[in-house]
Amino acid sequence: MTETIRDHFRRRMRWAMTLSLSGFLILAAWLAWIGPQKAVASTKLIPCAIGLSLFGIGLYLSGSTRCPQCSNSIRGMTATFAAFKFLIRHPPGYCPYCGISLDDPWS
Ligand SMILES: [Zn+2]
């Protein structure tokens, strides 16, 4: 089965959201464990570093999505709306720069 451009965006956005949410939850759990007042002076920074890294990688993945034809950056919102059709009534069907259909096969 051939993967479409939209399927590729969907898979990429799913990974980005999973990594960002995991990083956020790790940071929240770390803050709950350490306590907000002691977080600045804490020496137990490994969970904080892991959470920030996962969150950053997720943001990078969502922000670095590129059109396969024109290589222009289709940043987070366009790619997210294209990937998750239920978010808006009329999801984008074409690249805003070159006009390639997002339902064309990914090559
Ligand atoms: Zn394009």
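Guide: Let us start with Leu61, which, once its neighbours within four places in sequence are set aside, is in contact with Arg12, Trp15, Ala16 and Leu19; two residues are in contact if their C-beta atoms, placed from the backbone, lie within 7 Å. This is a predicted model, in which local features need pLDDT of at least 70 and side-chain atom pairs count only at pLDDT 80 or more, while totals for chains, interfaces and linings use all residues. Residues are numbered from 1 along each chain as its sequence is written.

A residue is buried if 20 or more other C-beta atoms lie within 10 Å of its own, exposed if 12 or fewer, and partly exposed in between, with C-beta atoms placed from the backbone.

Helix H1 covers residues 5-34, and its 30 residues reach 43 Å from the first C-alpha to the last, close to the 44 Å expected at 1.5 Å a residue, where the expected span is 1.5 Å times one less than the number of residues. Helices (H or I, at least four residues) and strands (E, at least two) are DSSP runs, numbered from the N terminus. The buried residues of H1 are Ile5, Arg6, Phe9, Met13, Ala16, Leu19, Gly23 and Trp30. An α-helix has 3.6 residues a turn, so residues three or four places apart point the same way.

H1 and H2 pack at an angle of about 155 degrees, with their axes 7 Å apart; axes are lines fitted to C-alpha atoms, for helices over the stretch in contact, and angles run from 0 to 180 degrees between N-to-C directions. That angle makes H1 roughly antiparallel to H2, a term for angles over 145 degrees.

Arg14 lies in helix H1 and is partly exposed, because 13 other C-beta atoms lie within 10 Å; its C-alpha atom is separated by 9.9 Å from that of Leu61, 47 residues apart along the chain. Asp7, also placed in helix H1, counts as partly exposed with 16 C-beta neighbours inside 10 Å, and Asp7 and Asp104, 97 residues apart in sequence, are 9.8 Å apart in space, C-alpha to C-alpha.

In the loop between H2 and H3 we find Thr65, which counts as buried because it has 20 C-beta neighbours inside 10 Å. The C-alpha atoms of Thr65 and His8 are separated by 9.7 Å, although these residues are 57 apart along the chain. Ser71 is found in the loop between H2 and helix H3 (76-83), and with 10 C-beta neighbours inside 10 Å Ser71 counts as exposed.

Stepping back to the whole, the protein has 3 helices and 0 strands, and 21% of its 107 residues count as buried.

Definitions and conventions
Angles under 35 degrees count as roughly parallel, over 145 as roughly antiparallel, 65 to 115 as roughly perpendicular and the rest as oblique.
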